[in-house]
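Hi everyone, thanks for letting me go first today.

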Amino acid sequence: MNPTIEIELPDDRSYPIFVGSGLLSNRELWDQLINTQKTAIVSNTTVEPLYVPTLASLLSNQSVTMTIPDGEEYKSLDTFSDLIDELLTNNFDRSCNLVAVGGGVVGDISGFVAASFYRGIPYIQVPTTLLAQVDSAVGGKTAVNHPSGKNLIGAFYQPSAVVIDIDTLNSLPQKVFVEGLAEVIKYGVIADAHFFEWLENHRDLVLDRDPQAMQFIVTRSCEIKAEVVATDEREQGIRAILNFGHTFGHAIENEAGYGSLLHGEAVSIGMRLAADMSYQLKLTDKETTNRIHDILRQYGLPTHCEQDALNVERVRLAMSKDKKVRDGKLRFILVEEIGQVRVVDDVSEKMLTQVLNQLSSA
């Protein structure tokens, strides 16, 4: 079976991304991907009964399912340690394979386990949420959270393949589906004005989860991310643009408390603040800022926090501990026009305060 997209990386680390319907039950595909003696399937309590039995039945080798609780708060070193213990208890070694079936938490923590166990074993990402399909499952960032911030402990470790079955999107609660659209919209802002315009004009198809629309938005998002990752795998340059909205978003998510505000919701608020900062710094015009505000609202994504829901000073403190800080300076991805952004690291404290004070403004 031919992949939809190929991530081109040096040192024989390139890997395929398959996007389509019915892939979780495609025996030909899984025979192609899995040839090890033992496979560990990692999932969570919500996703496991929906998809893991079907996948496990296709694996001709011996498989063991490891299930973690569902929730961002379980993306922790404790869960990481529990998974390592379970691998050892089941006598896995470096010849085994790991398959992550679930959303971003499952994918991120499974990737970190794969990167660490015996200094690295192969793993396959099977993302089942829109957010994971278009973002976290692609690109090799693996991590767990720390009380001081999101994704502070982890490694760059690429999967051997990504299998995206768009049928899994049909089982998502609307709130979880919609949060993933924040990352989809992000790709239009940072790299593809035509894609952004398509999203503006096809809201109903997207929100109805039309299969052709889902195939298109997932594929195009992965294509954009694949191009960026192939150019800058370890975020030394252009890959930083993928963080549009995330400098604000991660801090907001951390301050709100993991689980109380979904990642995509926090990123949506962060994108709105980044757009406002871009306008106030005269990098972009009001029309561009308004289009970003409007499309987020059009898709039912939040653009502000409830009054007094967050402490601005604690959000600022969380931002200071962000992974994207370089030499004590925060890096912001700011908009010039739809489809074009730039990295800015000389934002004044006064400007940052001015923007953060708009957190609860609609």
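This is a predicted model: local features need pLDDT of at least 70, side-chain atom pairs count only at pLDDT 80 or more; totals for chains, interfaces and linings use all residues.

Okay, look at helix α7, residues 193-201, where Phe195, Phe196 and Leu199 are buried. If you look down the axis of α7, those buried residues fall within an arc of 100°, so they line one face of the helix. Here's the general idea behind that: an α-helix has 3.6 residues a turn, so residues three or four places apart point the same way.

Now, which exposed residues sit on the face of α7 turned away from its buried side? That face carries His194 and Asn201. And what do the buried residues of α7 pack against? They pack against four helices that you can find on the screen: α6 (174-191), α8 (203-207), α9 (211-231) and α12.

Let's zoom out. The protein chain has 14 helices and 11 strands. Along its principal axes, the C-alpha trace spans about 60 × 40 × 40 Å. With 362 residues, a compact globule would have a radius of gyration near 21 Å, and this chain comes out at 20 Å, which agrees. Buried residues make up 57% of the 362. And if you take the contacts with a separation of 6 or more, 75% of them are between residues 24 or more positions apart.

What about the outside? The accessible surface comes to about 14700 Å², and carbon and sulfur atoms account for 46% of that.

Asn151 has a phi near 60°, which is a positive value in a residue other than glycine. You'll find Asn151 in strand β8, residues 149-156. Is Asn151 buried or exposed? Its relative accessibility is 16%, so Asn151 counts as buried, because the cut-off for buried is under 20%.

Lys282 also has a positive phi without being a glycine, this time near 65°. Lys282 lies in the loop between α11 (263-280) and α12 (286-298). With a relative accessible area of 74%, Lys282 is exposed. So we have a positive phi at Asn151, which is buried in a strand, and another at Lys282, which is exposed in a loop.

That's my tour, thanks!

Conventions. Residues are numbered from 1 along each chain as its sequence is written. Side-chain values use heavy atoms; hydrogens and water are left out. Helices (H or I, at least four residues) and strands (E, at least two) are DSSP runs, numbered from the N terminus. The radius of gyration is taken over C-alpha atoms; the globule rule is 2.2 Å times the number of residues to the power 0.38. Buried means under 20% relative accessible area, exposed over 50%, partly exposed in between (1.4 Å probe, protein chains only). Contact means heavy atoms within 4.5 Å. Accessible areas come from the Shrake-Rupley method with a 1.4 Å probe; for residues, only the protein chains shown count as cover. The arc is that of the directions from the helix axis to the C-beta atoms.
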